[in-house]
Structures are given as structure tokens and as C-alpha cells.
Amino acid sequence: MEKNKEQQILHYIRLNPYISQQELADKVGLSRPAIAGYISNLTKKGVIKGRAYILHEDAIITCIGTSNFDRKAYSRQKIITGTANPVHFSESCGGVARNVAENLARLGLHATLVSCVGNDKEGTLLLEETRRAGVDVSQVSVMPDERTGTYTTLLDATGEMFIAMANYDILDRLTSAVLAERWSLIASSQAVFLDSNVSAECLTYVIERCRDENIPLYVDPVSLPDAQKLPERLDGVHCIFPNRREAGLLAGMNVETADDCRAAARIIKEKGARNVIITMGAEGLFYSSEEEERTLPSMSTEIVDVTGAGDAFSAGYLFGIVRGETMQQACRLGLAASSIALQSDQSVSPKLHSDLLDAIVSQAGPK
């Protein structure tokens, strides 16, 4: 009987690490003092840790940022501006942080999402689908008076993005105060992933707190406008993932060649970031760690849709780092995850799995 009550308590804590003892008492059918006794025993056993009833889990990664609804139009021919173009459409759950969290969950890691959605059909679908994929969505705020964020893109006949439009106004409600309320959960993570769609205030808050508390932080600048919101100093950023244009903005220079990537990475590291990975699309990536600098080629694959490929890379890389791989091997896992994403018209490929990732890297051979 006692064991059964413990399991019930743990079940509700997993759903909401911030649940009150009175709420637990009401759900389990015990008095609040009795719940307090169970909580005390579970804490002594090491099953629960922290002020917010954080369960002890392996490799918790918290992803902070966007959850949105993706709408994609695929051109059936070369795009001609100023006239109607024949297309076909698809819709899927998206958002950089949400995509990374789902990719991590599909790779077998415990991913928690900190984000916000509206109280609308898109928000409900996002929560249901993301939860079904294995992501902890208990820290996603539902905003009753806001619309869920949307990302609308037009892709050319090769699957490359022609133009994209984003409405992330709801993210203004994800403030540093909201993050502070969830910080005990965030601080218990083995790593934190942050996308720059959030406000400049939130970016600075997370970077500074991760720096002060020595929490490994991984940052995706996302886009040129979002990269501009990053603080001048990047102390506290363990690794940042800009593309060439974003790296150029952060470094204050034009970035085209591998030598340009090397120069830009050094400038970004002078700003405080410990490691820099500059993605170069079909040309692969350049990484600069504390020990080495190197260019890695992309893995050849059929391109159906480029949307979500960068998010898959971030997840594959984090998967490798958490697993204890070298930076080079983690980058190769990221490239493999990206190649899987490119073959899907969904923002997260349902085929992604750790065994498939390892197989692709193994087949590619040593570099």
C-alpha cells in the first residue's frame, strides 16, 4: 500500500514538478502532513532532489524557447516573384526549442520544454503531440489571451527555404520572472539549450545565471534579427551554433570561407563563448573548441525540406556530448541527425533514433 502511494505521488510530480503538497494530497487521497512525510522519505532516498520536487533522472536537458505551429508551402517549380506560384502545403508542430526537445526525446534522453502556447487549437495540438513524443511539457505556460506562435515558410523546388515569416509575439510573455519561477528545475539539468527567439532580457538572464551556477549552456542564434538580441559578452555559453551569416554578425565581419569561419570563431570566443560551431549548409560545418579547430563535411542525403535540419543537428550534437563523445564525434552525430531531418517534410523526423544515428556515422567512416 505504501509503495503504491509513493508511485502515485511520483506520477503526479513527474507531470508537474511544482505541484503543491495540498494538490498532491487531494489527488492521492491523503492528508497534507502525510504527503509531507512521503516527500521527506523520497528525498532521503535520493529519488527526489531540489526545492521543486525534481526527480532524479539521467541526462535531463532543458530546452528554453519557441513552440509554434509550422505551415509550409512547397513550390512545384522554380519560384517566380510577382506572380502566383503552384505549391502544395503541409502543417506540423515546430519551434526551435520544441523541435530540439522532441529530437532529444526520440534519441532516448529526458527533455523538458520551457515555453508558452496560446489557449487555442494550435496550442492544444502542440502540447498533445510534443507530450506524445516523450517530452516533459509540464513547464510550458498556456496563455489564455494569446495566439500560439506560427512559422510560415515557402520552400523552392529543391527544398531550400525561399522566405519565412514568423509570429512569435507570445514569447513576450516568457519573461525572466517566469524563468526564475522554474529555475530550480532548469538548474537541475545536465545541460540547457536556449534559442534566441526569446527576448533580449531572457537571453541575458539565462546566460548570466548559467555562468554563475556553472550550468552547461548551448545557444542557437536562430536568425539575424534574433542573433542581434544576444548580449555583447557570451561568458557562460558553453557552445553556440551560428550559421555563417549569424557568425558574421556576431563577429562583425563577412563569413564565407573556412578561413573566415576560423577568424569569426576566434572573435566569438573572445566574447566569452567556450566553443563555436558554424554551420555551412551543404558544405558541412566548422568547429572551434578549446583544443582544436576543424571543418567537417556534411553527409550526403536527399533533401526534401531543410526546415528543422539545424534543430536536429543541435539535438544530435547534445546527444553526443551527454553520452561523453568528443566534440568531433558529437558534431558527426549532429550531422547525421541533420541528414535524417532533411529527408522528412516534418519539422522533426519520426525516423530519428539513436541506433539509426550511430549506423549513419559508422557507415560514413572516420574522417
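Strand 13 and strand 14 run antiparallel and are joined by four bridges; two strands are taken to pair if DSSP finds at least two bridges between them. The model is predicted, and local features therefore require pLDDT of at least 70 and side-chain atom pairs pLDDT 80 or more, whereas totals for chains, interfaces and linings use all residues. Residues are numbered from 1 along each chain as its sequence is written, and side-chain values use heavy atoms, with hydrogens and water left out.

The hairpin of strand 13 and strand 14 has five residues between the strands, and within this hairpin Gly281 takes a positive phi near 60°. On its other pairing, strand 13 meets strand 12 in the parallel sense over two bridges, and Cys239 stands opposite Asn275 of strand 13. Four of the five residues of strand 13 are buried, so this strand is largely enclosed by the rest of the structure; buried denotes under 20% relative accessible area, exposed over 50%, and partly exposed the range in between, with a 1.4 Å probe and protein chains only.

These strands belong to an open sheet of nine strands with mixed pairing, in the order 7-6-3-10-11-12-13-14-15. Strand 7 (140-143) and strand 15 (293-296) stand at the edges with a single partner strand each, so one side of each lacks a neighbour in the sheet. Elsewhere in the sheet, strand 10 (residues 191-195) and strand 11 (residues 217-220) run parallel and are joined by four bridges, and Leu194 has Val219 of strand 11 as its bridge partner.

Two helices lie across several of the strands. Helix 12 (residues 309-322) lies across strand 3, strand 10, strand 11, strand 12 (239-240), strand 13 and strand 14, and runs at about 165° to strand 11. Helix 4 (residues 96-106) lies across strand 3 (60-64), strand 6 (110-118), strand 10 and strand 11, at about 160° to strand 3. The axes are lines fitted to C-alpha atoms, for helices over the stretch in contact, and the angles run from 0 to 180 degrees between N-to-C directions.

The largest nonpolar core holds 48 residues, of which Cys63, Leu104, Ile277, Tyr317 and Leu357 touch the most other members. A nonpolar core is a set of buried Ala, Val, Leu, Ile, Met, Phe, Trp, Tyr and Cys residues joined through side-chain atoms within 4.5 Å. Helix 13 (residues 327-342) gives the most to this core, with nine residues. Apart from this core lies another, of 42 residues, including Leu174, Leu179, Val206 and Met280. With residues up to four places away in sequence not counted, Leu104 touches Ile61, Cys63, Leu109, Ala111, Ala315, Leu318 and Phe319, contact being defined as heavy atoms within 4.5 Å.

Leaving aside neighbours within four places in sequence, Glu122 is in contact with Phe69, Arg71 and Thr148.

The structure holds 20 salt bridges, each defined by a side-chain nitrogen of Lys or Arg within 4 Å of a carboxyl oxygen of Asp or Glu. The side chains of Glu283 and Arg244 form one of these (3.2 Å, N to O). This pair links distant parts of the chain, 39 residues apart, with Glu283 in the loop between strand 13 and strand 14 and Arg244 in helix 10 (residues 244-251). Arg244 is buried, with a relative accessible area of 18%.

Other salt bridges lie within single helices. Arg209 and Glu213 meet at 2.8 Å, N to O; because they are four residues apart in helix 8 (residues 200-213), about one helical turn separates them. Arg209 is partly exposed at 26%, and Glu213 is partly exposed at 35%. In helix 11 (residues 258-270), Arg262 and Asp259 lie three residues apart, about one turn of the helix, and their side chains meet in a salt bridge of 2.9 Å, N to O. Arg262 is partly exposed at 25% relative accessibility, whereas Asp259 is exposed at 55%. Salt bridges that share partners join Asp259, Arg262, Arg266 and Glu293 into one network.
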